[in-house]
Amino acid sequence: MAQALARGGVIYDSEASTAYVQHVMERLFPEFKGHIYVAIVKSSQLNAFALPNGRIYVNQGLLVRFRNEAQLATVLAHEGIHFTNRHGYQEVQSGKDYAAFGAIGGMIVPILPQLMAVSSTYGFSRQMETEADVQGFARLKRAGYDVHESPKVFEHLIAEIKAEDIKEPFFFASHPRLLERVENMKRLSSGAAPGGDGASTTAYAQTMAQVQVDNLESMLSAGRAKSALIMLADPERLVELPPQAQYYLGEAYRLRGAEGDVKRAEEAYLKAIEGTPEFAPSYRALGVLCMKANHYLDAQKYLERYVELAPSAPDLKYVESYLKIARKKSGGTP
Amino acid sequence: MNRIGTATFVLLLAGCVQAPARVDSMPTQAPDKSYSVDLPIGWIKQGSPDNRTLIASRNGFLLEGMHISKRPIKEAFHRTKKAATAQMLPAELAELEIAELKSQDQFTAALTVEQNEPAEISGREGFDLRVRFKNTRGLEIQRVVYGFVDQAEYYRLSFQAPMLYYFDKYYPDFQKAVESFQLAAARK
């Protein structure tokens, strides 16, 4: 499975981000250094999983939902325990998890995407998940992380899952019910002294800035506007994101297409231009919006600025065709 | 007979699938006569029972092939549940196509858009999209999609093949098919 993931081009190619996540993992499991490896998967879905060979995969989408390093460490500690306690092998022996069997036995490769879904969906037994929670929590504490952040991981995700109406998020499908997990983590952390490392949201946001942008692009290009809005419409999160995030907010509104979203998109694009005047896509988006509203002079102005800023953009042929229409309709030279 | 063969045989008997046929002449009429297209002589073609899809392949449908389909624009895409509208610009239609493909699995989610530009198909404004992705074995696959809206229907013509050998070999046949594509006279 690890080979297929690498061959399939789904591993996120960022040395800095991967090294950072690997560093957190090694802080949690120092004695397993050289035996446990983390990779980031190019996917905006909320998922993380462990293979029996010590490969831990965390999706881009899940990484950017965390608010700080302590929250990331919570999930890494949990997945790391699945590896150190050999949960994958035990599942195969019990014959319950066909996906784990596939991962170990190198089962038929063409059905791998389905296998991965099965693996994530069925996960491990409830007992193993609880074990990963409890022992993962102990790792978190030993590494000096702020353990009071751990219940928040699940609280944020509950809010997101409700907002997006996700029936069975992969990562949690066979884990104890989310609410139970929050209670579990709260119980574990209740006796712990306040404080600890990794609670800074600013430091984490800075480290994850590029992953955030890449994930937003990935989400929006996959048509997942509602998911993008959960992050972008939250003012607290928006300020942590790079300045061009206002453009992505506009795109999320445009793609959602609910009542009033065109106006919201326009406002966001204008804010993006104000915050990052050299960021070309905001001009193209505004230009298209104006053209669709028959405001051809404005459309022409924005689209010309886009061409000026991005003379070799891949969508230049579309933009040139829009400009032709805008110029003709506004009485200028086509 | 393998399982796929058995299933196909049973479906054929039940009349649920049209039998594959060799392309012997040009042009090929759409199953519902709404368009005609020059499919390459010698290829195998097959129509869907609902008359909405026509597929053609030289070496086997699982290896490489053309896929021509039409559907009501109000009908949502299978995975993204988004529907096209008559007001959509060609670039927005292409955006829907990309989103649908990216939602297929983790491998197509990592696709690269090689080309996305306006195109004219049978006199209608549409898009010409070319994407590339790897399958689970690391084999690079290329897909080209042309799409446009005519009245209340969304038409798409696509070709997919492995980059290794097949794409370059059969892409010119697909291009000829796209150039020959004509909506029925009454609909123009």
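## Domains of chain A

The domain assignment, whose bounds come from an automatic or database source, divides chain A into domain 1 (2–199) and domain 2 (202–329). Their contact draws 16 residues from domain 1 of chain A and 15 residues from domain 2 of chain A, two residues being in contact if their C-beta atoms, placed from the backbone, lie within 7 Å. On the side of domain 1 of chain A that touches domain 2 of chain A, α2 (15–28), α3 (60–63) and α9 (150–164) of chain A each supply at least two residues; helices are DSSP runs of H or I with at least four residues, strands are runs of E with at least two, and both are numbered from the N terminus.

This is a predicted model, in which local features need pLDDT of at least 70 and side-chain atom pairs count only at pLDDT 80 or more, while totals for chains, interfaces and linings use all residues. Residues are numbered from 1 along each chain as its sequence is written, and chains are lettered from A and ligands numbered from 1 in the order in which they are written.

## Overall make-up

Chain A holds 19 helices and 3 strands. Among its contacts with a separation of 6 or more, 64% are between residues 24 or more positions apart.

## Helices α17 and α19

In chain A, the axes of helix α17 (residues 281–292) and helix α19 (residues 316–329), which are lines fitted to C-alpha atoms over the stretch in contact, with angles running from 0 to 180 degrees between N-to-C directions, come within 11 Å and cross at roughly 40 degrees. A:Arg284, A:Gly287, A:Val288 and A:Met291 in α17(A) meet A:Val319, A:Tyr322, A:Ile325 and A:Ala326 in α19(A).
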